[in-house]
Amino acid sequence: MTTARLIALDQILFVLVAAAWAATAGIALTGLRQPAAAGRRTLLIAAALCAAAIVMTALRVAVTAGLAGAGWWFVAEKVTLALPLVVVPALVSAAVSLPRLLRGTATGSTGGSTPGSARVVAFPLLVTAYGAVAGIACGVVISYPVTAGGAAAVLALFAAASAVTWRLLGPARSPRHAWQAAGTCVLALALALTIGGGWPSGHLHTGHDTGGRGVSVDLLRGPAPAAAGGPAGAGERIRRFTLTAQPATVRLPSGGGAEAWSFNGQVPGPVLRVRQGDLVEVVLRNRLPVQGGSGQENTGQPNPGQPNTGQGVTIHWHGYDVPAAEDGVPGVTQDAVWPGQSHVYRFRAEDAGTYWYHSHQNSSVAVPRGLFGLLVVDPATPVPESEDHVLALHTFGSRPTLSVDGAAPSDLLTRLTLPPGARTRLRVVNTDTQPVVLGLSGAPYRIAAVDGGDVPGATDLDGARLHLAAGGRYDLTFTVPSGPVLLTAGDRPTLLVNGPATPPPAAGPVVDITRYGTPAALPARFDRETTWVLDKTLAVSGGLPRLAQTVNGKAWPNIPTPVVRQGETVRIRVVNRGTDTHPMHPHGHHVRILSRNGVPATGLPMDTFDVAPGEVWEVALVADNPGVWMSHCHDLAHAAQGMEFHLAYEGVSTPYDMTNGNHPA
Ligand SMILES: [Cu+2]
């Protein structure tokens, strides 16, 4: 059974085990208080439930043993807390309560009608139920790693509930004693949380670990052109673009539509196509309404009186490893650009490939709403393909669409006519927050590039399908056959080359992208190691304890910042112990994939890699781009729910923080 299935089964068993023990205890207590004839029947049900609960508890132990095979991260809190809390009282219940219940099915009594007999039979059953419920709390509150505060809180509640129950089942039942015990319970919890520091305090200064020391990230800029006094060389090509954030309406061919935020009135924004070596200069202007709604017109004038109202905008160059100050993350590399304001980005386009850009202010709202576009850096020596098209997949509301070469998006089948025999490159960009399975049928094809980087030794694929992470890119190359070619995204026929006939959609196996291409030489030693355990647990997010997407049990902004030194090679282990897929996206760097679930990878460089439930990825990051970098899940809703943090270089600090309305997710 896969680790993901074991995780899902474990979560179901958690609830079933708790319910079974609670029901056993409740029904046993009822049976003990009934007259003999009725009591016999009820105790029989209780005995049967008790046996079932024992079996399910044993099953939970077996599932945990299976999960342990995938790594300690998946079972730490189960082995140290959750299982002992249920298994030990379950053994006592099996030895003490079950024989008495069975005796009661014959006599209608468990060995005496005194209150003491109820205590002997029911107490172990109730405590087992508390242990099972505490086990659920362990998974939700603690996750990985096990913290002293979390463990103390769970143990205190368990012990207090058991003490109260012992008192209530005993002969000297008095409401006063019950209240005292309940008070003890609350005090114990408060004490545990205080001692263990159960909830971390909200800490909103994002550069806290490097703040105020070293070089400001603001100084790590792209080159200024010669005209601006920069050291640009003679004959340098400068490509200037202006991207104006403004409202727009998206109309879909099927008849639907959406109010959008756009760059230059078009969604996607313009395709920025430059040549390797160009100096790229992009002026971002924000002309969105001053207030969030559409009622108030933006005059386009600077708005110093109330600079932080309306929708702020930045531009993040997704996958293009720009100098840190050009990375476009509000609160880390700049302040958000507010309506009426502008900002200039500059970087030299040294790395050929397929990239995209999007706003990083309130990105979980802004990107789905349209503030994105595509960036292509053509190599200095042209690619061998004569046909070269860039494809953006994006979902508006619930409608998946395709935009070809920056044209208006279509939620119907898009048709493209290409000359037979032409070598063709389709640059597919997933601008959504969910992964997509692609299929190309009608011609053998190759994945020529992944996340902008060429794949060495790319081999022909025929009918195979591809899993493309949220934010990820594949360049697919093929020679146009005499017949039609079909691209599917999800189950949807998306692009038809040379119809009208439609080939059957690709239905082959999904390619393991971590094993595609020729194996690269990978680093053998590492200067530093770090582990990110991803989960969905109770953590402080937005100042309140809530279910959050967490890294090592903590949510933004409380996730400690990994700090690296320039030149180091860092091994990062990413473990997903939750039930959601997380497309992890460290800014400013491509990481080389070392292994997935212990299986060695070919080492492709990627900037967004999909860690599915139960998976363990090992990646290598070479610290060659100093800065303070955002690192987050590119399911942008997950980032907004806490799964974002920083990666900082020693000696680099940021003057920006979460004041001024900055809000990256
Ligand atoms: Cu995620």
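Reply: In this predicted model, helix H2 passes helix H3 in a left-handed crossing. By class, the contact of H2 with H3 has 20 nonpolar, five polar and three charged residues.

Me: What is needed to describe two packed helices?

Reply: Two packed helices are described by the angle between their axes and by the distance between the axes. For H2 (residues 36-68) and H3 (residues 76-107), the axes come within 9 Å and cross at roughly 155°.

Me: Why is H2 called roughly antiparallel to H3?

Reply: Angles over 145 degrees count as roughly antiparallel. The axes of H2 and H3 cross at roughly 155°, and that makes H2 roughly antiparallel to H3.

Me: How are H1 and H2 oriented to each other, and why is that term used?

Reply: Helix H1 (residues 3-33) and H2 pack at an angle of about 160°, and their axes are 8 Å apart. The cut-off for roughly antiparallel is an angle over 145 degrees; H1 and H2 are therefore roughly antiparallel to each other. H1 passes H2 in a left-handed crossing. The residues of the contact of H1 with H2 divide into 24 nonpolar, nine polar and two charged.

Me: Which atoms coordinate the copper ion, and what makes them donors?

Reply: The copper ion is coordinated by ND1 of His582, SG of Cys633 and ND1 of His638, at 2.0 to 2.1 Å. Along the chain, the donors of the copper ion follow the spacing H-x50-C-x4-H. His582 lies in strand S25 (residues 582-586) and His638 in helix H8 (residues 636-640), so this pair ties together parts that are 56 residues apart in sequence.

Me: How do you know whether His582 and His638 are buried or exposed?

Reply: Buried means under 20% relative accessible area. His582 has a relative accessibility of 1%, so His582 counts as buried. His638 is buried as well, with a relative accessible area of 8%.

Me: What makes the link between Thr244 and Arg285 a polar contact?

Reply: A polar contact is a pair of N or O atoms within 3.5 Å, where one must be able to donate a hydrogen and the other to accept it. The side chain of Thr244 makes such a contact with the side chain of Arg285, at 3.1 Å. Thr244 lies in strand S2 (residues 238-251), and Thr244 counts as buried at 6% relative accessibility.

Me: What is noted about phi of Ser143 and of Asn362?

Reply: Most residues other than glycine have a negative phi. Ser143 is not a glycine, yet Ser143 has a positive phi of about 55°. Phi of Asn362 is near 50°, again a positive value in a residue other than glycine. Ser143 lies in the loop between H4 and H5, while Asn362 is in the loop between strand S8 (353-358) and H7.

Me: Why is Ser143 given one accessibility class and Asn362 another?

Reply: The cut-off for buried is under 20%, that for exposed is over 50%, and partly exposed lies in between. Ser143, at 0% relative accessibility, counts as buried. Asn362 has a relative accessible area of 22%, so Asn362 is partly exposed.

Me: Where is Pro368, and what makes its class partly exposed?

Reply: Pro368 lies in the loop between helix H7 (363-366) and strand S9 (372-378). Its relative accessibility of 32% falls between the limits of 20% and 50%, so Pro368 counts as partly exposed. The C-alpha atoms of Pro368 and Gly397 are separated by 8.2 Å, and these residues are 29 residues apart along the chain.

Me: Which peptide bonds are described as cis, and what is omega there?

Reply: Most peptide bonds are trans. The bond from Tyr144 to Pro145 is cis, with omega near 0°, and a cis peptide bond also joins Trp556 and Pro557, where omega is about 0°. Pro145 is found in the loop between helix H4 (115-142) and helix H5 (148-169). Pro557 is placed in the loop between strand S22 (544-551) and strand S23 (563-564).

Note on methods. Residues are numbered from 1 along each chain as its sequence is written. This is a predicted model: local features need pLDDT of at least 70, side-chain atom pairs count only at pLDDT 80 or more; totals for chains, interfaces and linings use all residues. Side-chain values use heavy atoms; hydrogens and water are left out. Donors are N, O and S atoms within 2.8 Å of the metal (3.2 Å for Na, K and Ca); water is not among the atoms, so sites may look incomplete. Helices (H or I, at least four residues) and strands (E, at least two) are DSSP runs, numbered from the N terminus. Buried means under 20% relative accessible area, exposed over 50%, partly exposed in between (1.4 Å probe, protein chains only). Axes are lines fitted to C-alpha atoms, for helices over the stretch in contact, and angles run from 0 to 180 degrees between N-to-C directions. Angles under 35 degrees count as roughly parallel, over 145 as roughly antiparallel, 65 to 115 as roughly perpendicular and the rest as oblique. A crossing is left-handed if the near helix is turned anticlockwise from the far one by less than a right angle, and right-handed if clockwise. Ala, Val, Leu, Ile, Met, Phe, Trp, Tyr, Cys and Pro count as nonpolar, Asp, Glu, Lys and Arg as charged, and the others, Gly among them, as polar.
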